[in-house]
Amino acid sequence: MPGEAWPQRLASCSGLYQEEYTELWESISQMEQKFREVVLLYYFEGFKTREIARLLNIQEGTVKSRLSRARDKLKKDLKI
């Protein structure tokens with residue numbers, strides 16, 4: 001699964017941001033897999049939407065839609 005190393009990377013963060021990173025990771029990890037995988041590939045692994053579409057064998061529009069819905073969920077969960 002893409003992004004499996006991120007919990008360890010986030011756990012090693014120090015200072016003021018560790019709590020925010022932990023909260024972010026918890027929200028991402030609770031997403032349905034189809035949303036979590038596009039978030040990890042796009043934001044954490046740096047893939048473009050076209051590349052994610054090819055990797056997952058889905059339409060690019062589907063990737064964009066899933067990213068949008070995932071961002072909405074994060075905003076709600078993190079109260080942004």
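Select lysine 64 to begin: at 46% relative accessibility, it counts as partly exposed. Keep in mind as you click around that this is a predicted model.

Glutamate 60 and lysine 64 form a salt bridge, with 3.9 Å between the closest N and O atoms. Both sit in helix H5, and because they are 4 residues apart there, about one helical turn separates them. How accessible is glutamate 60? Its relative accessible area is 25%, so glutamate 60 is partly exposed.

Leave glutamate 60 selected and bring in arginine 50. Here the side chains of arginine 50 and glutamate 60 meet in another salt bridge, at 4.0 Å from N to O. Which parts does this pair tie together? Arginine 50 belongs to helix H4 (residues 49-56) and glutamate 60 to helix H5 (residues 60-78), so the bridge links parts that are 10 residues apart in sequence. Is arginine 50 buried or exposed? With a relative accessible area of 56%, arginine 50 is exposed, since the cut-off for that label is over 50%.

Next, slide along H5 to aspartate 77 and lysine 73. These two form a salt bridge whose closest N and O atoms are 2.4 Å apart. They are 4 residues apart in helix H5, which is about one turn of the helix. Aspartate 77 is partly exposed at 28% relative accessibility, and lysine 73 is partly exposed at 30%. The salt-bridge count comes to 3.

Last stop: show helix H3 (residues 33-44) together with H5. Their axes come within 9 Å and cross at roughly 95°. That makes H3 and H5 roughly perpendicular to each other, because angles of 65 to 115 degrees get that label.

- On H3, pick Lys34, Phe35, Glu37, Val38, Val39, Tyr42 and Tyr43.
- On H5, pick Val63, Arg66, Leu67, Arg69, Ala70 and Arg71, which those H3 residues meet.

What does the contact of H3 with H5 divide into? You get 8 nonpolar residues, no polar ones and 5 charged.

Technical notes:
Residues are numbered from 1 along each chain as its sequence is written. This is a predicted model: local features need pLDDT of at least 70, side-chain atom pairs count only at pLDDT 80 or more; totals for chains, interfaces and linings use all residues. Side-chain values use heavy atoms; hydrogens and water are left out. Helices (H or I, at least four residues) and strands (E, at least two) are DSSP runs, numbered from the N terminus. Buried means under 20% relative accessible area, exposed over 50%, partly exposed in between (1.4 Å probe, protein chains only). Axes are lines fitted to C-alpha atoms, for helices over the stretch in contact, and angles run from 0 to 180 degrees between N-to-C directions. Angles under 35 degrees count as roughly parallel, over 145 as roughly antiparallel, 65 to 115 as roughly perpendicular and the rest as oblique. Contact means heavy atoms within 4.5 Å. Ala, Val, Leu, Ile, Met, Phe, Trp, Tyr, Cys and Pro count as nonpolar, Asp, Glu, Lys and Arg as charged, and the others, Gly among them, as polar.
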